[in-house]
Amino acid sequence: MRKLKIGITCYPTVGGSGVLATELGKKLAERGHEIHFITSSVPFRLKKIYPNVFFHEVEVNNYSVFQYPPYDIALASKMADVILDQNLDVLHVHYAIPHAVCAVLARDMCGENIGIVTTLHGTDISVLGQDSTLAQAIKYGIEKSDIVTAVSNALKEQTYEIIKPNKEIETIYNFVDESVFKPLEEAPLLKKQYGIGEDEKVIIHCSNFRRIKNLPDVVETFIRIRSQIPAKLLLVGDGPEQHRVMVQAKESPYKDDILFLGKQENVEELFSISDLKLLMSEKESFGLVLLEAMACGVPGIGTNVGGIPEVIEHGVNGYIVELGDVQQAAEYAIELLSDENKHADFKKNAIHTVQTKFSAEPIIDHYEELYYRLAALK
Ligand code: GMT
C-alpha cells in the first residue's frame, strides 16, 4: 500500500484529545506515513524527532483593529496552504469546534477534494454543544466532514441527542502506548523519594483541575479512605480548581497526606507507584487517564458518567459509583486496598483490558483504514 500524507490538527497543549492526536500521529509515522501537524505550537507529547513528522505553526496576527485575534481564520488559511504545498491525502481534525469547521473552510479555500476525518472528544459536545451560539457551527462541522468518529459510544449517543446531526458517527476508542504505559520496576524508589511509607497505599488523581473533574469529591473520598487505612493522595495537574482544592485539603484532618504535584510529564512513573486511580467527573467522554493508569496496573474508581463505564468494568478492573456518592467510592476503595489477592486480580484485569480492548495497533489499523478509504476517493 502506498504511504499517505496526513494532516493532523488538535489542541497541542495538555489534554487527552491532544495526547491522543499526537500518539496517533507518532504511530502512523512509525508505519511510514508522512505526518503534518498543523497546530498553534508543537504538540507536548511529541518529544522525539521523527524524519517523517512535520510541524506547521499557526500564527495569529493580532492587528489592533481586530477586537479578537482571528485564530480560526488563520488556522483554516494555514490548513489550505499545507494541503496544497504538501499535497495532503487526508486531514484528521480533533474537535468539531473550531477544527472541523476550519478544515471545511480550508477545503473550500484551496478547491481540493481532500477527505476530512473529525474525531469528537467530549467537551465540544457535552459543554459547547449546549451553547446555542455554537450548536449550529458544531452540526455544520460534523455534517460537512467526510467521516466522523467519537471516542466512546456514550459520546456518540450524546452527539445524536444534543446536536442531532444527519451523519453516521463511528466509535473508535482511545488507546495507550503500552511500551510507555506499563508497570515500571523502579517504582518503589520513587515512593520513598516522595516520603511515602511502604505500608501506605497510594491513590492518584490526574487531570486539568477543571470544575467538571469534580476534585472536591476526589478529596472527600480520600478523607474517608484515609480515616480507615494509611494512604497518600497524589493530585497531579493544575487548573482553575487548584486553589479551592488546596483550601479543602488544608482544612481536612489529613492535609499532610494530600500531595499536590502540579503538572508532570512522565505520569507513567507516578502511576507505577499508585494502587488506585480516582476519577469522580461530572462529565467525561472517555477518561484517557484511566486507561493510562490501567496500563500501568492501576485499577480505577470512576463515576457512572459518559464513557467511564466503557473503560472501567465494574467489579473486574475497578468500580463504578453514581456521581457524588463518595461514601460508596470510599467503601469500594477500602475493600480493594485491604484485600491483597483481590487487588492483584484487579491489577491483572486492568492490564488485560488495555491489551484486549484498547490496544494501540488495532485502533490505529482502524484509523488507517478510514484514511485509505478517503484517499481512494480523491
Ligand atoms: O478532559 C479534559 O478536560 C480534556 C479533554 C480534551 O479536550 O483533551 O478530554 C476529552 O478528550 C479525552 C480524549 O479523548 C477524553 O479522554 C476525555 O474524557 C475528554 N474530556 C471530557 O469529556 C470532559
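Tutor: Helix α3 covers residues 96–110, and its 15 residues reach 20 Å from the first C-alpha to the last, close to the 21 Å expected at 1.5 Å a residue. The coordinates belong to a predicted model, in which the protein chain averages a pLDDT of 94 and 99% of the residues score at least 70; the model scores are ipTM 0.98 and pTM 0.95.

How much of α3 is buried? Of its 15 residues, 12 are buried, so the helix is largely enclosed by the rest of the structure. The buried residues are Ala 96, Ile 97, Pro 98, His 99, Ala 100, Val 101, Cys 102, Ala 103, Val 104, Leu 105, Ala 106 and Arg 107. An α-helix has 3.6 residues a turn, so residues three or four places apart point the same way.

Phe 209 is in the loop between β8 (201–207) and α8 (215–226), and its phi is positive, about 50 degrees, although Phe 209 is not a glycine. Asn 214 is found in the loop between β8 and α8 as well, and its phi is near 55 degrees, again a positive value in a residue other than glycine. Are these two residues buried or exposed? Phe 209 has 21 other C-beta atoms within 10 Å and is therefore buried, and Asn 214, with 25 C-beta neighbours inside 10 Å, counts as buried too.

At the other end of α8, Pro 230 is found in the loop between α8 and β9 (231–237). Pro 230 is partly exposed, with 13 other C-beta atoms within 10 Å. Pro 230 and Asp 199 are 31 residues apart in sequence, and their C-alpha atoms are 7.1 Å apart in space.

Other pairs set separation along the chain beside separation in space. Phe 358 lies in the loop between α14 (340–357) and α15 (360–375), where it counts as buried, with 22 C-beta neighbours inside 10 Å. Phe 358 and Phe 175 are 183 residues apart in sequence, and yet 5.0 Å apart in space, C-alpha to C-alpha. Ala 293, in helix α11 (residues 288–295), counts as buried with 31 C-beta neighbours inside 10 Å, and its C-alpha is 8.1 Å from that of Ser 272, which is 21 residues away in sequence. As a contrasting case, Lys 164 has its place in the loop between α6 (153–162) and β7 (169–171) and is exposed, with 11 other C-beta atoms within 10 Å; the C-alpha atoms of Lys 164 and Val 53, 111 residues apart along the chain, are separated by 36 Å.

Of the 20 residues around the ligand, Gly 15, Gly 16, Ser 17, Gly 122 and Ser 285 come nearest. The residues of this shell divide into 5 nonpolar, 12 polar and 3 charged. Helices α1 (16–30) and α4 (123–126) each supply at least two residues of the shell, and α1 gives the most, with 4 residues.

Finally, a database record bears on part of the chain. An unreviewed UniProt entry places the feature "domain: Glycosyl transferase family" at residues 190–351. Over residues 190–351 the chain is 41% helix and 19% strand, and the end C-alpha atoms of this stretch are 21 Å apart.

Conventions:
Residues are numbered from 1 along each chain as its sequence is written. This is a predicted model: local features need pLDDT of at least 70, side-chain atom pairs count only at pLDDT 80 or more; totals for chains, interfaces and linings use all residues. UniProt positions are given in the numbering used here, feature names are shortened, and annotations may be inferred rather than shown by experiment. A residue is near a molecule or strand if its C-beta atom, placed from the backbone, lies within 6 Å of it. Ala, Val, Leu, Ile, Met, Phe, Trp, Tyr, Cys and Pro count as nonpolar, Asp, Glu, Lys and Arg as charged, and the others, Gly among them, as polar. pLDDT is the predictor's confidence in each residue, from 0 to 100. The expected span of a helix is 1.5 Å times one less than its number of residues. A residue is buried if 20 or more other C-beta atoms lie within 10 Å of its own, exposed if 12 or fewer, and partly exposed in between; C-beta atoms are placed from the backbone.
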